[in-house]
Amino acid sequence: MPDVAAFLGCGVATVWRRTKDDPTFPKPIKLSPRVTVWKLSEIEAWLESRRVQSTVAA
């Protein structure tokens, strides 16, 4: 989780909020009760889609 937050440049709470509130945000993968991970390729694709959307909107 801290790695995902650092990669996105936000806090851990923001990652959890996006997981709950943003249907476009990649779904986490639970490896165990205390370990949650995301696929890097899905995070990168999500970031790219946001970049494209902001370019189109501008």
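Entry 1, the model. I am working with a predicted model, in which local features need pLDDT of at least 70 and side-chain atom pairs count only at pLDDT 80 or more, while totals for chains, interfaces and linings use all residues. Residues are numbered from 1 along each chain as its sequence is written, and side-chain values use heavy atoms, with hydrogens and water left out.

I located Asp 22 in the loop between helix 2 (12-21) and strand 1 (29-32), helices (H or I, at least four residues) and strands (E, at least two) being DSSP runs numbered from the N terminus. I find Asp 22 buried but without a salt bridge, as the nearest side chain of opposite charge, Arg 50, is 4.5 Å away; buried means under 20% relative accessible area with a 1.4 Å probe, protein chains only, and a salt bridge needs a side-chain nitrogen of Lys or Arg within 4 Å of a carboxyl oxygen of Asp or Glu.

Entry 3, the rings. I looked up the aromatic pairs (ring centres of Phe, Tyr or Trp, the last by its six-membered ring, within 6.5 Å; edge-to-face when the planes are over 60 degrees apart), and the structure holds 3. Phe 25 and Trp 38 pair edge-to-face, at 6.5 Å centre to centre and 65 degrees between the planes. Phe 25 also pairs edge-to-face with Trp 46, at 4.8 Å and 85 degrees; because Phe 25 lies in the loop between helix 2 and strand 1 and Trp 46 in helix 3, this pair ties together parts 21 residues apart in sequence. I note that Phe 25 and Trp 46 are both buried, and that ring pairs link Trp 16, Phe 25, Trp 38 and Trp 46 into a cluster.

Key: Buried < 20%, exposed > 50% of the residue type's maximum accessible area, 1.4 Å probe, protein only. Lys, Arg positive; Asp, Glu negative; His and termini not counted. Phe/Tyr/Trp six-rings, centres within 6.5 Å; stacked < 30°, edge-to-face > 60°.
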